[in-house]
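The following report describes a model chain by chain and then turns to the contacts between chains. Please read it alongside the sequence and the coordinates.

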Amino acid sequence: MDNSPQLFQYVLSGLSNGAIYALIGFGFAIIYNATGIINFAQGEFVMLGGMLTLFFLVFLSFPLIPAIVLAILISTVIGIAFERLAIRPLKNATPLSMVIITIGASILIRGIAMLIWGKDTHAVPAFSGNDPLYIAGATILPQHIWIFAITLLIIAANKIFFNYSIVGKAMRACAYNSQAASLVGINVKTMVLLSFVISSAIGSMAGIIIAPLTMTSFDVGIMLGLKGFCAVIIGGMSSGLGTIMGGLLLGLLESLGAGYISASYKDAIAFIILLLILFVRPEGLFKQKETERV
Amino acid sequence: MLKKMLGLVVSMMVVGLMAGSSFAAPPIKIGALFSVSGPASFLGEPERNTAEMMVDEINKAGGIKGRKLELIVYDTQADATKAVQAANKLIKDDKVVAIIGPSTTGDTMAIIPVVEKAEIPLVSCAAGIKITDPVKKWVFKTAQNDALAVARIFDYLKKQKIAKIAILTVSDGFGSSGREQLVAQAGKFGIQIISDETYGPKDTDMTAQLTKIRSGGAQAVVCWGTNPGPAVVARNVQQLGIKLPLYMSHGVSSLKFIDLAGPAAEGIILPSGRVVVANHLPKNDPQKKALLNYVDNYKKHYKVEGDHFGGHAYDAIMLIKGAIERGGDSPAAIRDQLEKTSKFAGIGGTFSYSSQDHAGLTSDAFVLVQIKNKGWTLLK
Amino acid sequence: MLQLFLKNGLVAKTTMTKEKREIIIFLIFTLAVLITPFFLRGSYFLNVLVFIGINTMLAVALNLLLGYAGQISLGHAAFFGLGAYVSGVLTTRFGLDPWLALVIAAAVSGVLAFIIGFPILKLKGHYLAMATLGFGIIMFIIFNETVAVTGGPSGLSGIPNIQISSLIFDNDWSNYYLIWTITLLVMLLSINLSQSRIGRALRAIADSEVAARVMGVNARLLKVQIFTVSAVISAMAGSLYAHTMTFISPASFGFNFSIELVTMVIIGGLGSIYGSFLGAAILTILPEFLRILQDFDIIVYGLMLIIMTMYLPGGLISGLEQIAGFIGSKIKSRGGSHA
């Protein structure tokens, strides 16, 4: 029997999962680079994106586009509130206290979502149907095309923003050296807030585009958040190409691992990769060695 | 002196007795442990709702022999440690005479030593076969054994002349118990398991496993899990264009599954308790009255469909009610009477316990149903 | 209360050395532990206290790492689970004596911690947090998926109770004394450790690893050693848990429990052994109080984590000490004015 369609299917499935991991990883990277914080609540914004879209689309019968826009807006407002209430007031933040606070926030957001929308899983309608598309013996859904397209779009937009706009450049300056940045007149606090805005918007966008595939419930954020984190570690915490490559690689290895080794250990594979990279090459696979944050 | 004292005691007893008959007797306390939150809340929530609804109903109808029931519910969160703590609290602090639940096999196995030692009857709502095999003196259960569900499917597969199957099970308590039975019983029915794959309870993409299964040469796929995983499986099967017939477990016999899987649910065959097909049952079916009653009632109370998970709690409460009616409310009497239960037609099936059988059901507790037009049809 | 009382006593006797003070606090604590069950005969609360003992052991173990050496671990439930599973599997499948199983469980966990300690503790801050988290998840998947050995997600039952000749530890009363004896020993060891040269070196690492190294501390080895000690204690707690419960399942050793352990240490107070006890006690009893809130408990839990970290970073024990200090100074000043 010819095995190439099978391999191709693994690759396609892996890449489409990987694109999502990359998008979630992106959110991590943006906040980390602006503040040095790993936001453990990042996965919850992915959940919020999906649940809010569902809420407007299915429960309140809004059309698709307004539902998506509202979902992103509300997630972003929650991101701002989170930064204002829990991150900014903190003096002398140690990595430990940041880890605990962001974990606390993720528990809180998840809990509120559970109270509002219940514990059930919900199906979200696909953007453009569920008829599979055949490519060389393998299949994907129209939703996968949406995922690839939107991921590409967001990456391109980010690239332009961070490299060519004044605000984007200022945010990068903060990432390199916040004291120096504030000396040249950049408002560091605003930049931090902005990083939360962008990151929660991207996170919720990721949640919106995958919800039709994976369905959504109040607790989908945990695993997705962790996978996104693995992606960003593989990519070396960059908010650019590294994380994209990291996400795609992670998705690919997971899918191939599930296909050829064992599906039971699929998640273990992701975390073993994470550990190996942290042990051997903590700066990530794709990052050229540059300045190190101390 | 002694006589006086004796007289006093006797007169006090008489007063006490009269007080007892004229005033309301203290309620009979029944404990309940359900995984209302956590990963198994899909079991615990309908179970708690059902148990509370039933107890209300019994009390409204005057209680058991004039005594009200008091239900004390604790959430185990499907965590063995919390289940043991809660069981201890029910027994030592609340002094309940019987316990229903827990919802999961793991929680049940964790508290069995506790109830056995305290000699309090337990009617578990979990399905694992090891709960009542071997028989434990104080432990009964209402959920149908996985073994019965597996036998139902295999029996059907045999009739369809399907001999090579692929199984895809979830790696939690429900799936691993189902997988054990699928593997154990296959030989007996002349069925060969060609691919044996698993997925995680939170997985959102099973195309890798299904791609592997597709190339393995199986004639049918049996998926064992509870929502939402199997819905993803059904959608992935459709996406990959796999034409093999898809069988599922009783873990998804709820409208929720049809809702989640959408068009991909059409044609799937699964064993189910009779609750989802209550309307289609013949008039002489002994369970029909209880089923229709339960379905109506649940819908009225909670605005959603009752499912057979809630039914486990219904059966547990009604079994204990029957035992108390027959033999009084001491734990030992409840246990003895539970064991004598015969032909009780509940939601999960018709129960007959004995000293050798504390599970009480036969394979006719399951019917095979097929999903058609977003609804259930009974498969003969 | 206890803390308060002691503080007042201590303020009065400023001549007392720190060492003596520690000994007296420990003796009073021990006495309280020993007599408590006599007030709780037949009560359910005794059962809760057994679990508080186990959780105290775990919180103290994690505190050595978190509070003393300043190293985060978000995967400590893995060592707890490893201890429970090694002990459970050896006794049920190979018929080993529970005591022997406990020793082997501790040793296995220690060796594993020592091996992974070197690469893991090279990492810092968030990277360390993620690496330990990843380790915890991998271990959880192993407990869950090696069905033939561990019984998988439906758990492992029939684990024997611990036995000393004819005394079987199969009820709350005897388990209480068994577990609290070992917990007290662990606490004593940790208090000693914190006041030894090693404890000072660890704190130096927590402050600044570079500075510690300059002063001649072998930071890397010391961190791995304390990680190992912490893992050994956690595994012992796991083994005792398994023999007390007689049933274990992977769900008790997941990511959530790792977070719960960190919460115990933080809420109690970083670097304080009695704080760990306080944190363990609160988090073990908390579900009792949150029960009336039903589904709202998760929100309270999240809020508590955030607020505690933001406004009481030293934990409850430091809050208590502040109150004690405040009252102490009040009494002192009043005493002064009277004289």
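Into which domains is chain B divided? Chain B consists of domain 1 (28-144 + 288-361) and domain 2 (147-272), the bounds being those of an automatic or database domain assignment. This is a predicted model, in which local features need pLDDT of at least 70 and side-chain atom pairs count only at pLDDT 80 or more, while totals for chains, interfaces and linings use all residues. Residues are numbered from 1 along each chain as its sequence is written, and chains are lettered from A and ligands numbered from 1 in the order in which they are written.

**Chain B**

Taken over C-alpha atoms, the centres of domain 1 and domain 2 of chain B are separated by 29 Å. The contact between them takes 13 residues from domain 1 of chain B and 13 residues from domain 2 of chain B, where two residues are in contact if their C-beta atoms, placed from the backbone, lie within 7 Å. On the side of domain 1 of chain B that touches domain 2 of chain B there are 5 nonpolar, 6 polar and 2 charged residues; here Ala, Val, Leu, Ile, Met, Phe, Trp, Tyr, Cys and Pro count as nonpolar, Asp, Glu, Lys and Arg as charged, and the others, Gly among them, as polar.

Strand S8 (residues 220-224) of chain B is mostly covered, with 5 of its 5 residues buried. A residue is called buried if 20 or more other C-beta atoms lie within 10 Å of its own, exposed if 12 or fewer, and partly exposed in between, with C-beta atoms placed from the backbone. Helices (H or I, at least four residues) and strands (E, at least two) are DSSP runs, numbered from the N terminus. In a regular strand the side chains alternate between the two faces of the sheet. In S8(B), Ala220(B), Val222(B) and Trp224(B) point one way and Val221(B) and Cys223(B) the other way, and all are buried.

| Partner of S8(B) | Sense | Bridges | A bridge pair |
|---|---|---|---|
| S9(B) (residues 246-248) | parallel | 3 bridges | Cys223(B) and Met248(B) |

Together with helix H8 (residues 229-240) of chain B, S8(B) and S9(B) make a right-handed β-α-β unit, right-handed meaning that, with the strands pointing away from the viewer, the path from the first strand over the helix to the second runs clockwise.

**Chain A**

Chain A has a mean pLDDT of 88, and 96% of its residues reach 70 or more, pLDDT being the predictor's confidence in each residue, from 0 to 100. Over residues 290-294 of chain A, pLDDT stays under 50, and the model has 2 contacts beyond four places in sequence for them. Val188(A), found in helix H8 (residues 188-214) of chain A, is partly exposed because 17 other C-beta atoms lie within 10 Å. Residues up to four places away in sequence aside, Val188(A) touches Cys174(A), Ser178(A), Ala181(A) and Ser182(A).

**Contacts of chain C**

Towards chain A, 29 residues of chain C are in contact with 32 residues of chain A. The largest share of that side of chain C, 12 residues, comes from H6(C), and by class the side has 22 nonpolar, 5 polar and 2 charged residues.

Towards chain B, 24 residues of chain C are in contact with 24 residues of chain B. H3(C) gives the most to this side, with 3 residues, and the side divides into 10 nonpolar, 11 polar and 3 charged residues.

Key: Pairing = 2+ DSSP bridges.
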